[in-house]
Each structure stands twice: as C-alpha cells, then as structure tokens.
Amino acid sequence: MDKNDEELKWYEIKAKKRMRGSPKNNADENKHGSKSEKGKEKSGEREFEDGKKNAKKSTGKFSESSGKKRYSGKKETLVAKELGSILDPSSIPDDAKKILADFKSIIEATHPLNSKQRALLSQKILELSHTLTDERGQRRLGYMNQPATLAAYTHYFLWWNLVRLTRLFSNLPDDFFSLSEDAVCLDSGSGPLTVPIALFLSRPELRDKKLKWYCMDISSQALSIGENLLLSVAAKLEKESWQIVRVKGDFGDDIKEKADLITSANVFNEISDGSDMPPDYLAKKYTDGLLSYSSGKDGAKVLLIEPGVPKSSRLLSLMRDSLIRKKYFPLSPCPHFGDCPMDGKRGGKWCNFAFSVDDAPTALKKISDSAKLPKTRAVLSFVAAEKKSGAEAESDEKNLVFRIASDPIRLPGHRTGFYACSKIGLLLVVTESKLHSGESLCVPMPKSEPEIDEKSGAKIIRC
Ligand SMILES: C[S@@+](CC[C@H](N)C(=O)[O-])C[C@H]1O[C@@H](n2cnc3c(N)ncnc32)[C@H](O)[C@@H]1O
C-alpha cells in the first residue's frame with residue numbers, strides 16, 4: 001500500500017465512523033442570513049481599537065459583559081481600498097459579448113433541431129433542469145447520450161454556463177492564465193466543451209496559442225457537438241481553434257500527456273451524487289484523481305467550478321483543502337491559504353458568488369421564460385489553484401484583504417452588511433458603500449479583536 005492508498009484508507013475509516021453518526025448533508029440550509037439578521041446586531045457597541053492613520057480614532061473603553069468582549073465607544077470606520085471583482089461585466093471582451101448574445105445562431109447551425117425536437121424543447125429543458133437539481137436520483141448515467149436531453153443541454157444549459165463562465169474567466173487574475181504557447185490542458189466532464197469555449201471567448205491572449213485540450217466525457221456525442229461549437233466560435237473570431245483531443249471515458253481513465261491546466265465545471269456535484277461516502281472522503285479522492293493528470297510542475301493550474309449551492313460548495317471547499325495539502329494554493333477566490341471560513345458545514349455559510357442576469361442575452365432569457373425557469377441571477381462556486389512548492393503563509397499583518405461573498409443583508413439602523421472571507425475568518429462587513437458579490441477589498445488590519453456577530457460568529461468590520 002503506498003502512502004496515498006494509506007491516506008485514502010484513513011479517510012475511509014474516518015468516513016465510515018462518521019456515517020454511523022449519520023449527519024445529513026446541508027442542502028436544505030437557509031441562504032445568507034435571509035431570515036435572520038434583524039435585531040441581532042446591537043448598534044452603538046462598536047468595534048475596533050485602532051490607532052492607524054487610515055482609521056477614524058475611537059475613544060471608548062472595553063467592558064466584559066456575559067463573557068463577551070464589547071467595546072463601547074465612537075463608531076469607527078476603516079478606509080477600504082477596492083481591489084477588483086471576479087464578476088465585473090466590463091472585463092468580458094466586446095467580441096465575446098457579441099457572440100454570446102447571438103449564440104443561438106451558432107448552436108442552431110451546429111446542432112439543428114427537427115420540428116419535433118423544437119416543439120418539445122421547453123418541456124425537455126424543464127425536465128432536465130429537475131433531473132440536474134431536485135430529482136437527481138432519477139438521472140441516468142450517460143444522460144448526455146440521449147438525443148432529446150443533449151439537445152436541451154446544448155440549446156440551453158450550455159449557453160447559461162457560458163454566461164457564468166465567461167463572466168468569471170474574464171476576471172480571474174492574468175497570472176492564472178499565463179500558459180505556455182503549446183500548453184496541454186484537460187477538461188474533465190467536458191460535455192459540449194463548455195469550459196474551452198468559455199475560455200476562448202474570455203481570454204483573447206490565449207486565442208493565438210497552440211493549446212492542446214484533452215476533453216474527457218462519458219458522452220461522445222456531447223464532445224463532438226462541443227468541438228464543432230468551438231470551431232464555429234473560433235471562426236467567428238477569425239482565429240484557428242485549439243487542438244481538441246476527444247476522450248470518451250470515465251473520470252480516472254488515462255490520458256497520454258500530463259496537463260499544465262486542469263479544468264472541470266459542473267461535474268463533481270454529479271459524480272458525487274451516487275456516492276454515500278462523506279464529502280471529505282470524496283474530495284480527497286477526486287482531488288487525487290485530478291492531480292494524477294497534472295504535470296505537477298510549479299505553475300501547474302487547477303480550475304474547478306460547481307453550482308453555487310451548499311452541497312457543491314462544501315465539496316469544493318474540501319477539495320481546496322486537499323489541493324493545499326498537495327501544494328496547489330488557491331489564487332482565487334480565496335484571499336488567503338488558511339482554513340475556509342465559508343466551508344458549507346451545516347448551519348454555516350457557503351462560498352458562492354452571484355450576479356444579476358439583467359444583461360444576459362435576451363434570446364436566452366426568453367428560452368428560460370418559455371421553459372418556466374425565469375432567472376434573475378446566476379450563481380457559482382469555484383476555486384482556482386496553482387502549484388507552488390515554495391509557497392509560504394501570508395505575511396502581511398498590516399492589511400486585511402477580504403472578498404464579499406453574499407448578497408446585501410439589511411441590518412438595523414438602515415445599515416447594510418455583507419459576509420466576506422478573510423484570513424482572520426468570516427467577516428460581516430458593515431458599510432454604506434454599494435458592494436457586490438465577488439468584490440475584493442483591503443482595509444488596515446484591526447489592532448484589537450473585532451466584535452463578533454452573534455448570529456453568524458463573523459467578525460464585524462465597518463468600512
Ligand atoms: C452538467 S454536465 C457539465 C458539462 C460541462 N462541463 C458544462 O459545464 O457545461 C456534466 C458532465 O459530466 C459528465 N460526466 C458525468 N460523470 C462522468 C464521469 N464519471 N466521467 C466523465 N464525465 C462524466 C456528463 O456526461 C456531463 O457531460
């Protein structure tokens with residue numbers, strides 16, 4: 001038994017023990033404090049003792065009441081610097097926006113529907129939506145090989161996924177996509193090549209590179225439609241397509257080369273569905289499986305995207321832990337390499353990012369409406385990690401970087417709060433500024449312990 005097997009065995013034993021205690025998953029958890037926040041936060045009992053230049057000075061005193069440290073004094077506001085967003089719509093290249101708006105014409109040319117399929121499209125979309133979400137048990141492995149389902153996926157779900165992924169990929173740090181001219185990439189559970197297509201659209205600097213993509217899926221039809229779609233997109237952009245190697249196979253099957261970039265979107269929630277093993281066991285198993293495809297060199301990248309729901313977010317958070325243990329450190333969305341404070345454990349927050357779909361393609365929203373699936377926002381969870389064998393813990397003690405990972409929360413006194421992730425844990429950022437999910441900001445590090453939000457346990461930061 002090698003070290004890896006031993007470790008897996010250990011997880012297995014741990015998992016079985018836990019299953020006897022049988023905690024349920026947290027899929028039915030309520031979202032970000034929506035029930036909740038009213039009346040919880042006491043106004044006027046604030047916050048930081050901070051003599052820093054950037055902070056307004058406070059003059060109050062600490063007192064101990066009911067075991068909690070409180071600070072009664074003047075309200076104090078830290079000056080925040082904006083560091084950018086992972087969901088900024090203005091980062092999407094104009095030519096990509098144009099193609100996305102008219103993606104229907106590309107799909108119809110590549111994957112035309114007969115009149116019967118056209119008539120049944122809305123119904124099939126609705127059915128597939130249920131099997132992908134609330135009726136997962138009824139989904140058959142290889143559902144993408146059924147013509148009606150594949151048509152629904154290609155004409156609808158693929159398009160929405162492109163909307164989500166182009167928004168994200170256009171905003172990920174440039175460093176993350178600094179691939180060599182002839183880099184080898186693997187997209188696992190590629191379906192109709194959603195990830196490579198979204199990347200081609202989002203990152204003009206990669207379009208002229210001779211990337212070689214191994215696209216792996218158990219559905220060969222989906223791969224073949226996807227390859228044609230990528231060719232059409234590249235042609236529209238007057239570029240050559242990347243080299244695509246279609247791999248009809250199961251996750252774990254061999255590929256011929258090691259990859260510099262490994263991607264996977266909307267797959268592990270599906271693969272994990274059939275398993276009764278707990279998520280930490282699965283996360284380790286999937287991470288090991290993915291990394292077996294990696295070149296393992298410094299700079300090798302892994303990009304995982306999943307639906308922004310608690311169960312998937314939990315799995316991703318655990319995969320992030322496993323990646324860190326293998327020295328693949330998260331470049332985004334996490335502003336730190338420490339424990340994930342939005343790990344989706346029962347009762348806790350889960351890491352997800354949402355944006356309004358007001359500017360999504362009108363034709364796509366029309367399909368949503370006719371399928372009785374109207375949408376106002378898109379949500380995702382993700383982690384983008386890079387191998388760095390010499391990475392060290394962050395040393396900046398002067399600043400606190402955080403990423404907003406919630407909708408606005410109404411607080412008493414006409415104030416607004418947002419949950420955010422930081423190296424000191426979960427934050428409740430109280431602000432009058434209009435912040436958005438996915439934005440990253442930096443404030444001076446509070447010198448004393450911030451007050452704790454009673455409901456969430458988050459540290460309260462005012463900026
Ligand atoms: C929801 S689709 C996602 C497709 C694409 N990545 C996207 O984001 O649009 C999930 C894909 O995973 C594939 N899949 C499921 N189990 C798999 C497995 N064990 N090995 C490889 N692919 C798998 C399915 O065939 C399907 O194409």
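How do the residues of the shell around the ligand divide into nonpolar, polar and charged? Before I answer, please keep in mind that what we are looking at is a predicted model. In that model the shell holds ten nonpolar residues, seven polar ones and three charged ones. There are 20 residues around the ligand, and the closest are Gly-189, Gly-191, Thr-194, Phe-251 and Ala-265.

Let me turn now to the nonpolar core. The largest one has 114 residues, and those touching the most other members are Leu-162, Ile-197, Met-319, Ala-420, Leu-427 and Val-429. The element that gives the most to this core is α5, with 13 residues. Because domain 1 (1-74 + 396-463) and domain 2 (88-387) both supply residues, the core lies between them. Taking Leu-162 as an example, and setting aside its neighbours within four places in sequence, we find that Leu-162 is in contact with Leu-100, Phe-103, Thr-194, Ile-197 and Ala-198.

Finally, consider helix α8, residues 220-236, where we can check the geometry for ourselves. At 1.5 Å a residue its 17 residues should span 24 Å, and since its end C-alpha atoms are 25 Å apart, the two values agree. Among the buried residues of α8 are Ala-222, Leu-223, Ile-225 and Glu-227, and the buried residues of this helix pack against α2, α3, α5, α6, β5 and β6. After α8 comes Glu-238, which has a positive phi, near 55 degrees.

Notes: Residues numbered from 1 in each chain as written. Predicted model: local features only at pLDDT ≥ 70, side-chain atom pairs only at ≥ 80, totals over all residues. Helix = DSSP H or I, 4+ residues; strand = E, 2+ residues; numbered from the N terminus. Expected span 1.5 Å × (residues − 1). Buried ≥ 20, exposed ≤ 12 C-beta atoms within 10 Å, placed from the backbone. Contact = placed C-beta atoms within 7 Å. Near = placed C-beta within 6 Å. Nonpolar A, V, L, I, M, F, W, Y, C, P; charged D, E, K, R; others polar. Core = buried A, V, L, I, M, F, W, Y, C linked by C-beta atoms within 7 Å. Domains from an automatic or database assignment.
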